[in-house]
Amino acid sequence: MCGIIGYTGINEAVKKVTQGLEILEYRGYDSVGICASVGGKLEIVKTKGRVSELNKLLANEPIQNDLCAIGHTRWATHGAPSYVNSHPHMVGKTCLVHNGIIENYKEIKSRLENEGVNFVSDTDTEVGCGLINYYYEKTNEPYEAILSASDKMRGSYAFAIMFSDEENTIYAIRQGSPLIIAKGQDGFYLASDLTALIPFTKEYYSLCEGEVVKLAGNKAEIYQKGEPQWKRTDMTYEMAKKGGYDHFMLKEMYEQPKAIENSLSSRIKDGLPDFSVDGMDKSFFEEIKAIHIVACGSAMHAGLVASHLIEKLAFVPTRVYIASEYRYTPPLTIDDTLVVVVSQSGETADSLASLRYAKEKGFKTLGIVNAVETTIAKEADYRAYTYAGPEIAVATTKGYATQVSLMSLFAICLAYNKGKIDTNTAKDLTTCLFSHAPKALGEVLERRDEVKEIAKLIYERDDIFYIGRGIDYQMSQEASLKLKEISYIHSQAYAAGELKHGTISLIECGTPVIAIATEEKLFDKIDSNVKEVRARGAYTILICDGEMENAQECADKVFILPKSSYIGNIFSSLAVAQLIAYEVARLRGCDIDKPKNLAKSVTVE
Ligand code: M6R
C-alpha cells in the first residue's frame, strides 16, 4: 500500500526513480511524486494521478544533474488524492515520502501548530515530516531527529527522508512497513518492495524494525550497526514484466501450473509430503490438535478451501478467521493449536497484527507467505514460502493457487503423520495434487475462447451470484471476489442450499447464477438448487465435473471441466472463475491490473 523508491549515486536519479515507480504502481496509484537533490537544493514534482502523469510533467520541465532522488506512489488514506496530499511532503528543511499510518498524528499536529508549524495538507505524513523537522532544527543531527520523532509516533511507517542541507543523502527508517535497501554498481537504492529494485541490482538488505539507515556517496550505513549484511535475490527483471501478455493478471494466470509445481516440489520426498525443508518434522504434525487459519481477502479464501481438506483428511478442528477480526476473538484453546497466517505479500497489516497477537497469547505460528524476507515470514515461528514469484496484478491468481496447493499438501501431510491415512493413500493424494492440479488448471486456460463466450452473456449485468456446496462453496467465494474486484459487478457467493433462505428474492429475470459442481455426491443437490433459481428467471451457468449426468440440460450454459480428480477439480474450476472475471472485466473496459480504490499490499489496518 503506497510505494517508496529512492536512489543516490552517480547519475540519472530521476530516471531510475520513475522507472522504479512504474513497477511499484500496483501498490497504489492515485497520486505520485518525486524529490531530487539538485545543486544543493531539493526540487519536488508531484501530481494527482499515475506515473505517466508525472512523466509528462518531467518531460516538460526536466530535472538536470540529478544524483539523488526519492519517489512515491500513493494509495490515499488521510486526505483525498490531490496535489497537496501527494508525497513528497516538505516541512522546513525536511522532505520525505511515507508508507503506513501515523495513528496519533492529530495530537502531534496540534502540538506542532502551537509551536508555529504550518501544515498545508490533510495527511498524517506531513505531520510526521513536521515532527522530524522540528527535532532536526533543534539538534541539526539527522539520526537524533529521526529517532526522537519515531519515539513520539504511534502506528506503522516507512520513511525515506532527505534534508535540504545535506546533499545527495537519503535517510530511512521503518516501523511496521517494509523497506529494503540495495547496493548497485552505480550507487545505493531503497524501496518498499524488492521487485522495484530488480532492474538495478540483486544485492539487498531488508531493514529491521526501528533501524535507521543513511545512504550517501559510496556508503550505506546502518546506525549503530555499520555495514548491512547484503543478501542476493534470484528474481529476474523478466519476472516483473508483462512478457507479451495484455495484462499482468493474464500472465500470472498462465504462470499458475508452474507456480503450483514450484510450491510443491521441494516438499515431496519419495512420493510423500515432507515439510522438513521448512523445519516441520513428524513430531510437529503429530502435536497439532487444532488449527486457526488467519488471513485477509483471497488468502482467507485459500484458508477456507484448506480448512475443508484438513478436516476431511486429518480430522483436526480448523477455524478460519478474517484477520481484521481475529484479535477480537478470545483464544479458546492454546495448547497445541497452530495458528497459520497466510499472506502473499507477507506485509498485510491485519494479518501481521494477528500473528503478533497469536504469539503474544502463546500460540505456535506458521506463516505461509509468497514474498520472501517479509515481516510475516520473519516473525512467524515457522515459515513456508509458496514460491509463486512476483505477483504484480492487484487481483491475486497464482498467489491464491499456490496458497491452496501448499496448504493442500500440508493437509495430506498432517493426515499422514497423524495416522489418519495410510502410506498408499498419502502417496495417491500427493500424486493427484502434484500432477492433476497444474494439469487440470492448464487445460482450462487453453479453453479461454469458451470462457469468452460465457463472459459475453453476462458482462452487462449488475448482479451475479456464485453458488456451490462443500469445497465448491469455499472456492466460489474466491470466484465471486475475483469477479467483483476487477469488473465492479456486484457479486456474491452463496452456499447453494442457503440461497432460498432470503437471498433468492434478489434473483430477477436474467440474473446470472454460476453454479460450481465438482463433487459427485453433491450433483443431485446442486442440480435442484440450479432448478430453483432457473424457475425464478435466473440465467444459469454450470461449471461441473464431466461425470455429472445430463449436465447439458441442467443449466442454460455448461462448462465441463477436464477429466481429473477431486483435487484437480479445485484448480480447474478456479481457472474457469478467474477467466470469467478477467474476460468480463475486459469486455467492460476495466483497468484490470489496477482496479479502482484498491492496492496490492494492504499495509494499513
Ligand atoms: O498479501 P495478502 O495475501 O496478505 O493479501 C490479502 C488480501 O489483501 C488479498 O488476497 C486481496 O484480497 C486480493 N488482492 C484479492 O485479489
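**Entry 1: Asn85**

I started with Asn85, which counts as buried at 2% relative accessibility. A reminder to myself before going on: this is a predicted model. Next I looked up where Asn85 sits, and found Asn85 in the loop between β4 (68-74) and β5 (89-91). Then I asked which residues Asn85 touches, leaving out those up to four places away in sequence. My list reads Arg74, Gly79, Ala80, Ser121, Asp122 and Thr123.

**Entry 2: aromatic pairs**

I turned to the rings and noted that the structure holds 17 aromatic pairs. For each pair I looked at, I wrote down two values, because a pair of aromatic rings is described by the distance of the centres and the angle of the planes.

My opening pick was Tyr143 with Tyr223. Their ring centres are 4.0 Å apart and their planes lie at 10 degrees; under 30 degrees counts as stacked, so I logged this pair as stacked. Where in the chain are Tyr143 and Tyr223? Tyr143 belongs to helix α5 (residues 142-152), while Tyr223 is in the loop between β13 (219-222) and β14 (231-232). The two are 80 residues apart, and the pair links distant parts of the chain. I also checked Tyr143 for burial: its relative accessible area is 11%, and the cut-off for buried is under 20%, so Tyr143 is buried.

My other pick was Phe285 with Phe410, a tilted pair with 5.1 Å centre to centre and 55 degrees between the planes. This pair, too, links distant parts of the chain. I found Phe285 in helix α8 (residues 282-287) and Phe410 in helix α13 (residues 398-417), 125 residues apart. Buried or exposed, I wondered, are Phe285 and Phe410? Both are buried.

**Entry 3: helices α16 and α19**

Last, I looked at how helix α16 (residues 471-487) meets helix α19 (residues 566-587). Their axes come within 8 Å and cross at roughly 20 degrees. Angles under 35 degrees count as roughly parallel, so I noted α16 as roughly parallel to α19. I put down the handedness of the crossing as right-handed.

Which residues make the contact? On the α16 side I listed Ile471, Met475, Glu478, Ala479, Lys482, Leu483, Ile486 and Ser487. From α19 I noted several, including Tyr566, Ile570, Leu574, Gln578, Tyr582 and Val584. Sorted by class, the contact has 13 nonpolar, three polar and two charged residues.

Methods. Residues are numbered from 1 along each chain as its sequence is written. This is a predicted model: local features need pLDDT of at least 70, side-chain atom pairs count only at pLDDT 80 or more; totals for chains, interfaces and linings use all residues. Side-chain values use heavy atoms; hydrogens and water are left out. Axes are lines fitted to C-alpha atoms, for helices over the stretch in contact, and angles run from 0 to 180 degrees between N-to-C directions. Helices (H or I, at least four residues) and strands (E, at least two) are DSSP runs, numbered from the N terminus. Angles under 35 degrees count as roughly parallel, over 145 as roughly antiparallel, 65 to 115 as roughly perpendicular and the rest as oblique. A crossing is left-handed if the near helix is turned anticlockwise from the far one by less than a right angle, and right-handed if clockwise. Contact means heavy atoms within 4.5 Å. Ala, Val, Leu, Ile, Met, Phe, Trp, Tyr, Cys and Pro count as nonpolar, Asp, Glu, Lys and Arg as charged, and the others, Gly among them, as polar. Buried means under 20% relative accessible area, exposed over 50%, partly exposed in between (1.4 Å probe, protein chains only). Rings of Phe, Tyr and Trp (its six-membered ring) pair if their centres lie within 6.5 Å; planes under 30 degrees apart count as stacked, over 60 as edge-to-face and the rest as tilted.
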